[in-house]
Amino acid sequence: MNSYSPQFFMSEALRLAEKALFTTSPNPRVGCVIVQNNEIVGRGYHMKAGESHAEVMALEEAGNRSEGSDVYVTLEPCSHTGRTPPCVNALIKAKVKKVFIAMQDPNPLVSGQGIQKLKEAYIDVEVGVMEAQAQQLNIGFICRMTKKSPYVRAKLAVSIDGKTALHNGKSQWITGEAARADVQYWRASSCAILTGIGTVLSDNPKLSVRLYENARQPLRVVVDSELKIPLDADILHEKPLLIVYANDKQKKLAQLEALGIECIQLDDRGKVDLAALIKILAEREMNEVWIEAGEGLNGAFLKANLIDELMIYYAPVILGSEAKGMFTLPAYENLENKITTTLIDHRWVGQDLRMRFKLK
């Protein structure tokens, strides 16, 4: 009989967790496999909030073969009653032998408690199997639990001379079809998609997810300081939608609210208070926020240190010196003022090069 490593079975648990990449929000993505005599006898993953957790699904599939088994789960089993009963109790009741856990629950209110309860029930526990992969899968959930902030990615489609649009604002399309399809994947995995009024006025986007029919639509957020948004803008027909403004100079608030659109005022000296907006999104249990905006809003978020990751798609085109740049930032006089990043991934997506940078 072949003998497999813990990483082999945890890889399967991670693969299962990824199946719910677009559906579990605000809960974490969790997969579980149950192994008896080196054979997987139960599989499960958490599909969406309120439904069975991964461990419960796997136990149901394994049935009586759960007793004396090894359990591989990508996140510490929950020990508290939320929308569903504690998974730890189910594992103890099933009389499993050992539980391999990829990572502890990052929620400071419950972290370590599930592990402790398993140990008190004389169940062996091993933590840290493929921990880095599990953390990457739930990077937004971890960020919200530990920093009380969503994980914020800003996406930019640029030419090789670093331009995002022509001088007149036209930007459709700089990148190719493969890159635009890749963006759909990242939109779908996000809890909120955020843009600015400049992008709405120039591109009239819907910012919808078109991966598959009946896809879950993230919250669309428009930053519009003076409520300049046209009442016939396509995005006004997309739900859910939130418009954040500083003042109602255009006298549109009543009209927008009459259309059933939620508007929140966050005034910071005539501009939208971006830090307050990110805090509100965290309070609304948004794990990952995806920004698709122009150089003004991108620069404002970057200057405020509110971006965790830049995802830049470089297209093999040149747009010229008068085209629009990536960020509106102050003119730095010293290199000490530069913003530093770390390249965490790069790959070809069709004809375009996608590069991911972590902000320090």
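Q: What should I know about the model before I start?
A: The model is predicted, so local features need pLDDT of at least 70 and side-chain atom pairs count only at pLDDT 80 or more, while totals for chains, interfaces and linings use all residues. Residues are numbered from 1 along each chain as its sequence is written, and side-chain values use heavy atoms, with hydrogens and water left out.

Q: Is Asp-105 buried or exposed, and which side chain of opposite charge is nearest?
A: Start with the terms: buried means under 20% relative accessible area, exposed means over 50%, and partly exposed is in between (1.4 Å probe, protein chains only). A salt bridge is a side-chain nitrogen of Lys or Arg within 4 Å of a carboxyl oxygen of Asp or Glu. Here, Asp-105 is buried but has no salt bridge; Arg-144, the nearest side chain of opposite charge, is 9.3 Å away.

Q: Where does Asp-105 lie, and which residues does it touch?
A: Helices (H or I, at least four residues) and strands (E, at least two) are DSSP runs, numbered from the N terminus. Asp-105 lies in the loop between β4 (98-101) and α4 (113-120). Contact means heavy atoms within 4.5 Å; leaving out residues up to four places away in sequence, Asp-105 touches Leu-75, Glu-76, Val-110, Ser-111 and Phe-141. There's also the backbone nitrogen of Asn-107, 2.8 Å from a polar atom of the Asp-105 side chain.

Q: What is the phi of Glu-285, and what is that of Asn-305?
A: Glu-285 is not a glycine, yet has a positive phi of about 65°. You'll find Glu-285 in the loop between α10 (274-283) and β13 (288-292), where Glu-285 counts as partly exposed because its relative accessibility is 34%. Asn-305, also not a glycine, has a positive phi near 60°. Asn-305 sits in the loop between α11 (295-303) and β14 (309-315) and is exposed, with a relative accessible area of 59%.

Definitions and conventions
Lys and Arg count as positive and Asp and Glu as negative; His and the chain ends are not counted. A polar contact is a pair of N or O atoms within 3.5 Å; within protein, one must be able to donate a hydrogen and the other to accept it, and residues adjacent in sequence count only if both atoms are side-chain atoms.
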